[in-house]
Amino acid sequence: MDDPVDITRDYVSPKGFFHSTEARRLMPAGGVRFLDNAWYFGADGLGVVVVKTPEGLLLFDTMSTPEEFQKAILSEMPAAGLDPKDIRYVFVGHYHWDHTGGVNLIRKIAPRAKVVISEPDARIVDQSRAALLAGNKSPYPSALVSPRAQPKTPEEAKELHATRLLSIPQKFDILVHPEPGLKTGTMMIRTGAKTEVAAILDPGHTPGQMSVVVPVLHQGTMRKLLVMSGNDNPEEAMQYAISMDYLRSVAAQLGADTVINTHPYQSAMFYHLRQLKANPASPNPFAMGPDGVDRFLGIFGQCQRAVANRLKDGTWLAF
Ligand SMILES: [Zn+2]
């Protein structure tokens, strides 16, 4: 069934927050090639962006468990002509359990791959892993496999513990730091002779949330794709607004003219991905041009400010 859910619904407001069953609905087989050398794999609510460069594959985010990563991403890549063994860099947009689950598996299938994350979020993952190994309850439960999972028997608890350990990244290779005295910052990472990726810290959803700008091709022309990871966190809405101002200025400097979020319920991107899959010749709403990306980020920042103000005046209840 490819009928879109109601795209007029407000998925980021408290009652409409997108944790419905549709969020797990997988994309059509082989993922969606939304640019000449960029694909989206995964589900309507969560997925992975893959960019093919002359020097190998770049991945953005890794789903929630090794099993899910295998099923929704790795198993789908060959149909798109992509070999998981060619993965060279993995960018983890933030530490939450639904973005880090495939990291350990990538180490096995593509041992040369380097994993990039922000320093603030890497620290949280390390603390969570240490707490889990020590048998303590993690101070950051959402860094674990679904914090909502509640084992009913000792066997289930043992199984969950094992899955959680397999799903928490054991190590990272490149840490992106904020600028001294700030929470934001940008690091240019050369992933090959011809490719440089900007890793941009834009905290709000987590302390070290990270977006990237990567060169891509669209209809044979060089474009700059902004990949965002994550959604809201009303309690940090004002920080998020500041981060969006920062991201907007860096994206403009770098000439970002195309955008996607690995949580594609944002702006109903999952709906547009499905449309593109069904009709690849249709207009591409992701390639919105530099003005479009600037406007998109401006609106996003204003929304964060509105949330912060509504929390202050009591007209929005935090969830
Ligand atoms: Zn998250």
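In which sense do strand β5 (residues 87–91) and strand β6 (residues 114–118) pair, and over how many bridges?

Tutor: The model is predicted, so local features need pLDDT of at least 70 and side-chain atom pairs pLDDT 80 or more, whereas totals for chains, interfaces and linings use all residues. Residues are numbered from 1 along each chain as its sequence is written, and side-chain values use heavy atoms, without hydrogens or water.

Strands β5 and β6 pair in the parallel sense, over three bridges; pairing requires at least two DSSP bridges. Across this pair, F91 stands opposite V116 in β6. The strands here are DSSP runs (E, at least two residues), as are the helices (H or I, at least four), numbered from the N terminus.

Both strands belong to an open sheet of seven strands with mixed pairing, in the order β1-β2-β3-β4-β5-β6-β7. Its edges are β1 (32–35) and β7 (174–176); each has a single partner strand, so one side of each lacks a neighbour in the sheet. From one strand to the next, the twist averages 25°.

Two helices pack on the sheet. Helix α1 (residues 66–74) touches β2 (38–42), β3 (47–53), β4 (56–60) and β5, and its direction makes about 135° with that of β2. Helix α7 (residues 269–278) touches β1 and β2, its direction making about 100° with that of β1. Contact means heavy atoms within 4.5 Å; angles run from 0 to 180 degrees between N-to-C directions of axes fitted to C-alpha atoms, for helices over the stretch in contact.

Helix α1 also takes part in covering another helix: together with α2 (97–100), α3 (103–109) and α4 (119–133), α1 is included in what covers the buried residues of α5. Helix α5 (residues 154–167) has 14 residues and reaches 20 Å from its first C-alpha to its last, close to the 20 Å expected, that is, 1.5 Å times one less than the number of residues. Its residues L160, R164, L165 and S167 are buried, which means under 20% relative accessible area, with exposed over 50% and partly exposed in between (1.4 Å probe, protein chains only). Seen down the axis, the buried residues of α5 fall within an arc of 165°, so they line one face of the helix; the arc is taken from the directions from the axis to the C-beta atoms. The face turned away from the buried side of α5 carries the exposed residues P154, E155, K158 and E159.
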